[in-house]
Amino acid sequence: MDKKNSLILLVALMAIIGLAISGCKKEEGSLKFNHQLHVVDNEMECSDCHAAGKDGKMENPDMDKCSECHEIDMEHPSEDCLQCHSLKSSLNDYAVEEAVPEKPKGYSDLIFTHEAHEGIAECSDCHKGIDKQESLQDIEWPDMFTCKKCHNGDDAPIDCEVCHTKVRKEIAPPSHHGDWAEHHGFESRFDKSCQFCHEEKDFCQDCHQTKKPRDHIFNWKTTQHGQDATHDRRLCAVCHPASYCSDCHRSQKPVSHARADWMAYTRENGHAEAAHHNFRSCNVCHTRSDCDKCHQNVILRHK
Ligand code: HEC
Ligand code: HEC
Ligand code: HEC
Ligand code: HEC
Ligand code: HEC
Ligand code: HEC
Ligand code: HEC
Ligand code: HEC
Ligand code: HEC
Ligand code: HEC
Ligand code: HEC
Ligand code: HEC
């Protein structure tokens, strides 16, 4: 029986056992495979199944390899075939899909050969954790941090042109067009590759010490920044060390403190009522010991 016929048989088989009951639709095969079970539990080497192929690529095993241990009777397809094959069906959401994840977009720019690393690196230096994975869909493709362990400029070169056809340190990527200066902050949280091009230690901080965000407008100091800081203080820490805040808070008073009856014990405008109302806001600038200078152990109605 030739390969094409076996495939037809296989698809027919899937239909029979019910993965594709509801009529005629487009189906696509995919393989199921458990690396942990073979590599760790059965002590197989990566090279038992993956041999060096053309152009520095590694090859994936064919079915003959599996036949060495698994009984595969191509003359009589049965449910046993489904141990390794699954079907992805456009209409059956429940169909299993355990395919290897696509390589990242940036890989189209990557220069890499396995040959160059023969005898230099173990498979696991770059393909971390595959030996302990139960499903192909858990595979993660190596990122640049993986390469940088050796490609640090000493043990192996870090020049961009060694591994990238187009990406260069001195060429700003497409993301930088338009109002990048305003929205790069958001992206920098997800994209850790900034540091590959912006290596100077103070590149980010130098600018953050001088360029204010758009929200620092005229009433920023008096009313607005407190609210924003309460909402999310981590944003402030991008540019301001904590001491920047506390130094100022030790010397500058809020407008409330200038009220004539601030020190009088009246319900509306006095500091006592303000403290009862929201001591947390006092806490931004005061510790209890500040208060204790004038009176010990005042009891606050609210925390
Ligand atoms: C018993 C055989 C076997 C062993 C041993 C084995 N693999 Fe695999 N590996 C496979 C199969 C089968 C696939 C899925 C190939 C496919 O989708 O056609 C696979 C997929 C992969 C892939 C993804 C390939 C691609 O083209 O998407 C990588 C990377 C990989 N293996 C690395 C390793 C490493 C590293 C080791 C050693 C820790 C290892 N494998 C050991 C059988 C094996
Ligand atoms: C120095 C890092 C590194 C080492 C060591 C390494 N790989 Fe890879 N491997 C990669 C990268 C990067 C890719 C993706 C290459 C690409 O898409 O151009 C890859 C791809 C693969 C693939 C998919 C087919 C291909 O070549 O694109 C398989 C299978 C694979 N590796 C298996 C192995 C096995 C088995 C070993 C050990 C014998 C090994 N690799 C050692 C980095 C490495
Ligand atoms: C050196 C022997 C050997 C080879 C070669 C081999 N396997 Fe296995 N495989 C095993 C053993 C042993 C088990 C465990 C059987 C069990 O627990 O019932 C197993 C189990 C499996 C399972 C069941 C996994 C599970 O989670 O239940 C799958 C799927 C599988 N192998 C796929 C493959 C594929 C695909 C290949 C070829 C690329 C392959 N095997 C090659 C020995 C091998
Ligand atoms: C132990 C795992 C395993 C079992 C069981 C298994 N296959 Fe495969 N099969 C593979 C692997 C690995 C490949 C090669 C990778 C690929 O093409 O996706 C493959 C490929 C194929 C192909 C594509 C052509 C080729 O030879 O590369 C067909 C058709 C096929 N299998 C049919 C079957 C049928 C029918 C059965 C049941 C009699 C079966 N397989 C059982 C692992 C298995
Ligand atoms: C040793 C190989 C190697 C060298 C040298 C190298 N890179 Fe990379 N780089 C990679 C790999 C692998 C990736 C991961 C591919 C991906 O995810 O896009 C990557 C990804 C990147 C990305 C992310 C691309 C994207 O689309 O997400 C940037 C940016 C980058 N590299 C910049 C650089 C710069 C700048 C240099 C030179 C200073 C450099 N790289 C040198 C291997 C390398
Ligand atoms: C375990 C260390 C190690 C790791 C990890 C590693 N490399 Fe390498 N790589 C080397 C060494 C050593 C050389 C040879 C340097 C030389 O010839 O000067 C090299 C050479 C290369 C070359 C140049 C080959 C040539 O033809 O000159 C490329 C491209 C390359 N590596 C890409 C990568 C990529 C991409 C990664 C990450 C996925 C990576 N390397 C991870 C050690 C490593
Ligand atoms: C040209 C000056 C400049 C450089 C260089 C710069 N930034 Fe910024 N950054 C700003 C400005 C201005 C803002 C405020 C944008 C706004 O909201 O108006 C900002 C905001 C941010 C924020 C978000 C804070 C928030 O409120 O969400 C982060 C995170 C950030 N930058 C990270 C970085 C990183 C990481 C680097 C270095 C790779 C960097 N920036 C380099 C000027 C710069
Ligand atoms: C491939 C290289 C590369 C990557 C990756 C990269 N940059 Fe840049 N970036 C540049 C270049 C080149 C410039 C222009 C430098 C100059 O003007 O001196 C620049 C400029 C900037 C500026 C200043 C913009 C202005 O208007 O002055 C900011 C801010 C910045 N980058 C932030 C980031 C952040 C944040 C990331 C990560 C999300 C990042 N960059 C990733 C190459 C890169
Ligand atoms: C992108 C960097 C950046 C971020 C993010 C940032 N600031 Fe600022 N901020 C500045 C710069 C630059 C100044 C002016 C510093 C100077 O004049 O010494 C400033 C000044 C201030 C001032 C003093 C205003 C005045 O009128 O004297 C306050 C208060 C302040 N920031 C609070 C905050 C708070 C609160 C947050 C978070 C919600 C925050 N900042 C986030 C860069 C930033
Ligand atoms: C230039 C001086 C100055 C700097 C720098 C400053 N603040 Fe303030 N902050 C004030 C003043 C003045 C008030 C009181 C505003 C008012 O109510 O009149 C205040 C109020 C606040 C409040 C509100 C307290 C309340 O009443 O609920 C918070 C929260 C706050 N600041 C957080 C921060 C953080 C976080 C930073 C550093 C990122 C910071 N501030 C930097 C002067 C400053
Ligand atoms: C933005 C910072 C800030 C906040 C918020 C703040 N204070 Fe103050 N407060 C000060 C500073 C600065 C002084 C003067 C300290 C000194 O002279 O040693 C002060 C002084 C005082 C005094 C002494 C009288 C005076 O005006 O000098 C009282 C009472 C007082 N605060 C109560 C409170 C209470 C109650 C709250 C909360 C409702 C509060 N403060 C919130 C900064 C703050
Ligand atoms: C400069 C001295 C001074 C400081 C500093 C001060 N207080 Fe007072 N506080 C007074 C005086 C005086 C009274 C009593 C007013 C009265 O009886 O008319 C008072 C009364 C109070 C009362 C009412 C007493 C009660 O039993 O209900 C509270 C609450 C209070 N203060 C909270 C605070 C808190 C909180 C702070 C620190 C953030 C603080 N005070 C700092 C002088 C001070």
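Ala, Val, Leu, Ile, Met, Phe, Trp, Tyr, Cys and Pro count here as nonpolar, Asp, Glu, Lys and Arg as charged, and the others, Gly among them, as polar. This is a predicted model, in which local features need pLDDT of at least 70 and side-chain atom pairs count only at pLDDT 80 or more, while totals for chains, interfaces and linings use all residues. Residues are numbered from 1 along each chain as its sequence is written, and chains are lettered from A and ligands numbered from 1 in the order in which they are written.

**Exercise 1: the overall picture**

Task: work out how many helices and strands the protein has, and what share of its residues is buried.

Solution. Start with the elements: helices (H or I, at least four residues) and strands (E, at least two) are DSSP runs, numbered from the N terminus. The protein has 16 helices and 2 strands.

Next, burial. With C-beta atoms placed from the backbone, a residue is buried if 20 or more other C-beta atoms lie within 10 Å of its own, exposed if 12 or fewer, and partly exposed in between. Of the 303 residues, 2% are buried.

Last, contacts, meaning pairs whose C-beta atoms, placed from the backbone, lie within 7 Å. Take those between residues at least 6 apart in sequence: 62% of them join residues at least 24 apart.

**Exercise 2: the shell around ligand 7**

Task: find which residues are closest to ligand 7, and which element gives the most to its shell.

Solution. A residue belongs to the surroundings if its C-beta atom, placed from the backbone, lies within 6 Å of the molecule. For ligand 7 that makes 16 residues, the closest being Gly 185, Cys 204, Cys 207, Pro 213 and Arg 214. Two or more shell residues come from each of α8 and α10 (203–208). The top contributor is α8, with 5 residues. Sorted by class, you get 8 nonpolar, 5 polar and 3 charged.

**Exercise 3: ligands 10 and 11**

Task: say which helices supply at least two residues to the shell around ligand 10, and do likewise for ligand 11.

Solution. Ligand 10 first: it has 18 residues around it, and Gly 226, Cys 245, Cys 248, Pro 254 and Ser 281 are the closest. The helices you want are α11 (220–231), α12 (233–237) and α13. The largest share, 6 residues, is from α11.

Now ligand 11, with 16 residues around it; His 271, Ala 274, Ala 275, Cys 282 and Cys 285 are the closest. Here the helices are α13 (242–251), α14 (271–277) and α15 (279–283). Its shell holds 7 nonpolar, 7 polar and 2 charged residues.

Conventions:
Contact = placed C-beta atoms within 7 Å.
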